[in-house]
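Here is a short briefing for a reader new to this structure. It takes the sheet, then the helices, then the confidence of the model.

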Amino acid sequence: MPEVERLLVAFDGTPLAERALEYALTTYPETEVTVIHVIDYLDEGYSAEALVGAEELRERAHARSTELLAAAEAIAADHGRTVSTATRLGKPGREIVAYAEEHDADTIVLGSHGRALLTRVLLGSVAQTVLQRAPMPVLIVR
């Protein structure tokens with residue numbers, strides 16, 4: 001099995017994302033870990049945009065991303081580790097893979113699902129997209 005030097009962990013704050021991060025931290029104690037959160041404005045909902053305005057919606061999404069990544073840093077600290085963090089905008093599956101390629105990640109780690117069931121059915125699974133597109137190994141935590 002090849003040595004893993006750089007892990008990219010997708011994080012959306014769900015219990016499965018937390019479990020994926022904890023798995024990465026404990027299974028790969030010497031590996032550099034970056035936690036990524038992808039802001040998907042579609043998840044925020046177009047109806048919300050009509051109610052609060054596009055700029056406020058963007059500000060809320062970025063504030064939420066900051067909170068999520070702070071939570072990931074706290075999980076890492078609980079395991080005696082530090083992590084790098086990153087935020088991207090766009091479709092999560094595509095952005096996760098693009099970031100992994102741009103930063104030479106050896107492996108991508110993510111939970112098996114994080115979205116609500118209806119959204120997953122309509123939009124497709126982020127995990128499935130990452131599996132189909134990633135040129136590096138993908139570890140899916142259930």
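**The sheet and its helices**

The model is predicted. Its open sheet has 5 strands in the order β3-β2-β1-β4-β5, and the pairing is parallel. From one strand to the next, the twist averages 25°.

**Strands**
- The edge strands are β3 (84–89) and β5 (138–141). Each of these edge strands pairs on one side only.
- Strand β1 (residues 6–10) and strand β2 (residues 32–39) run parallel. They are joined by 5 bridges.
- Leu7 has Val33 of β2 as its bridge partner.
- Strands of a sheet pair through backbone hydrogen bonds, either parallel or antiparallel.

**Helices on the sheet**
- Helix α4 (residues 54–78) lies across β2 and β3. It runs at about 155° to β2.
- Helix α5 also packs on the sheet. It touches β1, β2, β3 and β4 (107–111). The direction of α5 makes about 145° with that of β2.

**Helix α5 against helix α7**
- Helix α5 (residues 92–102) packs with helix α7 (residues 126–133) at an angle of about 40°. Their axes are 8 Å apart.
- That angle makes α5 oblique to α7.
- The crossing of α5 and α7 is right-handed.
- On the α5 side, the contact is made by Pro92, Gly93, Arg94, Ile96 and Val97. On the α7 side, Val126, Thr129, Val130 and Arg133 take part.
- By class, the contact of α5 with α7 has 5 nonpolar, 2 polar and 2 charged residues.

**Helix α1 against helix α4**
- Helix α1 (residues 15–27) packs with α4 at an angle of about 40°. The axes of α1 and α4 lie 10 Å apart.
- The helices α1 and α4 are therefore oblique to each other.
- The crossing of α1 and α4 is right-handed.
- Helix α1 makes the contact with Glu18, Leu21, Glu22 and Leu25. Helix α4 brings Ala72, Ile75 and Ala76.
- By class, the contact of α1 with α4 has 5 nonpolar and 2 charged residues, and no polar ones.

**Confidence**
- The mean pLDDT of the protein is 87. Of its residues, 82% reach 70 or more.
- Where is confidence lowest, and where is it highest? It is lowest in helix α6 (residues 117–123), at a mean of 48. It is highest in β1, at 98.

How values were computed:
Residues are numbered from 1 along each chain as its sequence is written. This is a predicted model: local features need pLDDT of at least 70, side-chain atom pairs count only at pLDDT 80 or more; totals for chains, interfaces and linings use all residues. Side-chain values use heavy atoms; hydrogens and water are left out. Axes are lines fitted to C-alpha atoms, for helices over the stretch in contact, and angles run from 0 to 180 degrees between N-to-C directions. Helices (H or I, at least four residues) and strands (E, at least two) are DSSP runs, numbered from the N terminus. Angles under 35 degrees count as roughly parallel, over 145 as roughly antiparallel, 65 to 115 as roughly perpendicular and the rest as oblique. A crossing is left-handed if the near helix is turned anticlockwise from the far one by less than a right angle, and right-handed if clockwise. Contact means heavy atoms within 4.5 Å. Ala, Val, Leu, Ile, Met, Phe, Trp, Tyr, Cys and Pro count as nonpolar, Asp, Glu, Lys and Arg as charged, and the others, Gly among them, as polar. Two strands pair if DSSP finds at least two bridges between them. pLDDT is the predictor's confidence in each residue, from 0 to 100.
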